[in-house]
Amino acid sequence: MKWIYTLAAIAFAIKMVIIPNTASSVLSLDIVESLVRDGGVPNAVSVVIFRNRLYDTIYEVIVFTIAIMGANFLLATEKPASKIHQFTDQPSIILARLGATITALVGIELAIRGHLSPGGGFAAGVAGGTAIGLIAITSSPEWMQAIYRRWQAATWEKISVLVFIVLAAITLSGFELPHGELGALFSGGILPILNILVAVKVALGSWAVILVFIRYRGLL
């Protein structure tokens, strides 16, 4: 039986690599064109995530929220780190903050134009969280915590989740904003709004996790 499985695997590999399948390529092209037409944006991935796979996206946002709550819950009973080691040399601080600035700008660009080009809300949120992490390794934890509380980041994180779920429910009910002109910045109906909400959620959630791990695990 092993020889049969081996020969079948070799035959399948030869078929996939050598023998072209023109019918499937035409079909896949038709599917992409249909997604772009239905979503009103040239980025078919955003259409899949925020329209055709919106249920899954909702649960991804909820799972990320639960992960943040779990990190806070599991580490709340531990003793905070007595000493937090950080970068102190000036070149490292300058490079880290320069990287944070560039990463933050990339995250903003991905959040605003993610429905038109590769990228999207999750990628933008990860970029924003990376920028916050780079600032955290060069700044005082107390200062980072004070900024987090001053701007009420936890509240905005929860608001972004609730607004996303409400808008997702409205979209699933069949109500959509006008798609606008294909390829324009203000196009795709509600897709850009959902994209930005996911970016805000992921970035602020990453900030919360970073602060928790800095407090109980340190940085370096």
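This report walks through the helices, salt bridges and surface of one predicted protein model.

## Ground rules

Residues are numbered from 1 along each chain as its sequence is written, and side-chain values use heavy atoms, with hydrogens and water left out. Because the model is predicted, local features need pLDDT of at least 70 and side-chain atom pairs count only at pLDDT 80 or more, while totals for chains, interfaces and linings use all residues.

## The big picture

The protein has nine helices and zero strands. Helices here are DSSP runs of H or I with at least four residues, strands are runs of E with at least two, and both are numbered from the N terminus. Walk along the sequence and you get the pattern α-α-α-α-α-α-α-α-α.

Of the 220 residues, 37% count as buried. Buried means under 20% relative accessible area, exposed means over 50%, and partly exposed is in between (1.4 Å probe, protein chains only). Now for contacts, meaning heavy atoms within 4.5 Å: among those with a separation of 6 or more, 81% join residues 24 or more positions apart.

H4 covers residues 54-75, and its 22 residues should span 32 Å at 1.5 Å a residue; the end C-alpha atoms are 32 Å apart, which agrees. The expected span is 1.5 Å times one less than the number of residues.

Which residues of H4 are buried? They are Leu54, Thr57, Ile58, Val61, Thr65, Ile68, Ala71 and Leu75. These residues cover an arc of only 155 degrees around the axis, which puts them on the same side of H4. (The arc is that of the directions from the helix axis to the C-beta atoms.) Here is the handy rule behind such patterns: an α-helix has 3.6 residues a turn, so residues three or four places apart point the same way. Turned away from the buried side is a face with the exposed residues Tyr55, Tyr59, Val63, Ile66, Phe73 and Leu74.

## Zooming in on threonine 57

Threonine 57 sits in H4 and counts as buried, at 0% relative accessibility. Leaving aside neighbours within four places in sequence, threonine 57 is in contact with Ile49, Phe50, Phe122 and Phe164. Threonine 57 and valine 198 are 141 residues apart in sequence, yet their C-alpha atoms are 9.3 Å apart in space.

## Two salt bridges

Side chains of opposite charge can pair when their charged atoms come close. How many salt bridges does the structure hold? There are two, where a salt bridge is a side-chain nitrogen of Lys or Arg within 4 Å of a carboxyl oxygen of Asp or Glu. One joins glutamate 109 and arginine 113, at 2.9 Å from N to O. Glutamate 109 and arginine 113 are four residues apart in helix H5 (residues 90-113), so about one helical turn separates them. Glutamate 109 is partly exposed at 33% relative accessibility, and arginine 113 is partly exposed at 35%.

The other joins lysine 201 and glutamate 157, with the closest N and O atoms 2.5 Å apart. This pair links distant parts of the chain: lysine 201 is in helix H9 (residues 191-217) and glutamate 157 is in helix H8 (residues 153-172), 44 residues apart. Are these two buried or exposed? Lysine 201 is buried at 2% relative accessibility, and glutamate 157 is buried at 7%. Not counting residues up to four places away in sequence, lysine 201 touches Val61, Phe64, Thr65, Ile68, Glu157, Ser160 and Val161.

## Helix H9

The 27 residues of H9 should span 39 Å at 1.5 Å a residue, and the end C-alpha atoms are 38 Å apart, which agrees. Of those 27 residues, 20 are buried, so H9 is largely enclosed by the rest of the structure. Just after H9 comes glycine 218, with a positive phi of about 80 degrees.

## Out on the surface

The protein exposes about 13,500 Å², and carbon and sulfur atoms supply 72% of that area. Accessible areas come from the Shrake-Rupley method with a 1.4 Å probe.

Leucine 105 lies in H5 and is exposed, with a relative accessible area of 54%. Glutamine 152 is in the loop between helix H7 (141-150) and H8, and is partly exposed at 48%. The phi of glutamine 152 is near 50 degrees, a positive value in a residue other than glycine.
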